[in-house]
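Please open the structure in the viewer and keep the selection tool at hand.

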Amino acid sequence: MASSMTHFEEPGHEALPVYELRLGGSWRPAGDGRTYAAVNPFTDQAWAYAPEATSADVDTAVAAARTALHGPWGEMTGAERARHLRSLATVLEEEAEHLAAIETRGNGKLLRETMAQAASLPGYYQYFAGLADKLEGTTIPADKPGYFMYTRREPVGVVAAIMAWNSPLLLLTWKLAPALAAGCTVVAKPSAYTPVSTLEFARCVERAGLPDGVFNVVTGSGADVGQQLVKHPDVDKVTFTGSTQTGIAVGKAAMENVTRVSLELGGKSAQVVFADAELEAAAIGVVSGIFAATGQTCVAGSRLVVEQSAHDEIVARLVHHAEKIRLGDPVDPASEMGPLANKPQLAKVSALVQRAVEQGAHVAAGGRVSRELGGLFFEPTILTGVRPDMEIAREEVFGPVLAVMRFDDEDEAVALANDTRFGLAAGLWTENVRRAHRVAHRLEAGTVWINAYRMVAPNAPFGGVKLSGIGRENGRDAVQEYLETKTIWLALNEAEGRDPFSIG
Ligand code: NAD
C-alpha cells in the first residue's frame, strides 16, 4: 500500500509504544507489519508508532463489523445495547485523564481543553443509552380495508466513521454513540495525524465488554485506508468529519455504491456584534471563538462582522486580549494557546495571512509565526479592513486568524454574515431581544449562539448547512442518521380478490 508516512527505521523507535489495529476481538499488527510515526506537534518528535492498515485489514474490519451486526449485537434489544453504552460511559469516566493526555500529545491541544472534552464523553454515551430503547416505529392506518401496516426502525448496518485530527475522540463519540444506540456496528478511521487516541479508546470499548466486532479501528492515510472504506461495498453508511474538499470526494465515492453519507465539514462562521451589545462580553466571546484551540475548530468564529460605531472599541479590546494570550506547552495549565497541529497547517495559515496583507488587510495584532517557543506556533492574529471578496473572508483558515468587517444596519449585517459558501455556526451579540431572535432566524447556519459561543451538548443537534455538511450529530436527530425505516404490510384476509395487474 502506497504511503507518504514515516516508517519504522528511525533510531530509537524501540523505546516508543507500537500500537496494533483493533479488528473484531483481536489486536493485530497491520497485515504487512508496517507502522508509521505519530508526531507530537509541540516537541515535533515521534512519540508512538501506529499500524498502517492494508486493504486486507480493512476487509477484515468490515467483515468483523458485519459478523457482529448479524450476531450478538444485532440480536440485542435496545435496553441491552443501552446497558453496554452505560458500561462504556463508566470506563470512559475512569480513563478520562489518560485519554486527555494522549489526545494532547497527538494534536497539541491544550490539556485543559482535551480534559474538558474527555470528561464530556461519558455524557454522550449516557444520553444515547437513553434513546436506544425508544426507537419506535409507527402503526399506520391502511388506506384500504383488510390490511395492517406498520413501520420498524432498523439499524442502517455497518458504519464507517472517518474523523479529522482536531478533536479525535469527541468527533468519534458524536458518531459512535448514536450509531451504537441505533444498533449499528462501526469501523473507525481516525486522522493519520492522530491515530493513537482512537486505538486507546478501543481498549476502553474492550474493557466495557461490548461484543467483538462492534467497534473496529483501522489506522493509516486517508487516500488509502479512508478511501477504501468509503468505497467498500459492504459498508452501509459513511459518517465523515473533515474538510469540505475531502467531504465532497467522499460523498461522490460513496455514491458509487449508493452508500448513505453524513458529512460534517468546514466553516467560516461569523460573529455578528451590534453596537448595543455588552462589548467586553462580546470581545471575550470573539476571543473564545477564534483563539480557543488555536482556531483549529470547525466552528471557529473566524469572521467578525461588527457595527460601524462599535468597530474601533471592539477591535481595541480584542487586540488587548490577543496580545495577552499565553502561548505555551499544551500540558502547562497556564498556557492559553498551543501550537498548530502539524506543519502543513502552519504553512497554510502563514500563506493565507501573507496573501491577506498583500490584498490590503491591516494587521492589528499578531500576523507571524512565533519563533520563541520553536514548534508550530502562530501568533493570535487580527486582520482589519477586510473586504468580503478577499480570500481571508472566504476560505477556512483553521488557525488563530480573525478577519474583521463592518456593517451599517441589520440587513447589511445579515448579508455579510451569510455571504459565504459555508454555514456551520454563527455568533450574535446584542442586548435587544427582538433583534436577537429576528437575526438568529435569518442567519444561514446550523447553530446560532446568542451572547455565547462554542456551546455543544449531547442533546443539542449539531451540523451544517450549505458547504458545511449534510446531516446532524447529537440530539434525537442523530440516531435517525443511523436508522432505516422498513414498512410492513399484512393482508388480514385470506381471499383478497384484487387485480394482480394493478398497484395498491
Ligand atoms: P481532512 O478532510 O484532510 O481529513 C479528514 C479525514 O478524512 C481524515 O481521517 C483523513 O485521513 C480522511 N481522508 C482524507 N482523504 C480521504 C479520502 N479520499 N477518502 C476517505 N477519507 C479520507 O480534514 P482534516 O485536515 O483532518 O480536518 C480539518 C477539517 O475538518 C476542517 O475543514 C474542519 O472544519 C473540519 N472539521 C469539521 C467538523 C464538523 O463537525 N463540522 C469538526 C472538526 C473538523
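Select the shell around the ligand: by class, it holds 14 nonpolar, ten polar and three charged residues. Here Ala, Val, Leu, Ile, Met, Phe, Trp, Tyr, Cys and Pro count as nonpolar, Asp, Glu, Lys and Arg as charged, and the others, Gly among them, as polar. The model is predicted: local features need pLDDT of at least 70, side-chain atom pairs count only at pLDDT 80 or more, and totals for chains, interfaces and linings use all residues. Residues are numbered from 1 along each chain as its sequence is written, and side-chain values use heavy atoms, with hydrogens and water left out.

Next, select Met163, Ser243, Thr246, Leu265 and Glu396, which come nearest of the 27 residues around the ligand (a residue is near if one of its heavy atoms lies within 4 Å).

Now display the polar contacts (pairs of N or O atoms within 3.5 Å). In Glu396, a polar side-chain atom lies 2.5 Å from an oxygen atom of the ligand. In Thr246, a side-chain N or O atom is 2.8 Å from a ligand oxygen atom.

Finally, colour domain 1 (55–265 + 464–486) and domain 2 (270–450), each of which gives the shell at least three residues; the bounds come from an automatic or database domain assignment.

Terms used. Polar contact = N/O pair within 3.5 Å; in protein donor to acceptor, adjacent residues only side chain to side chain.
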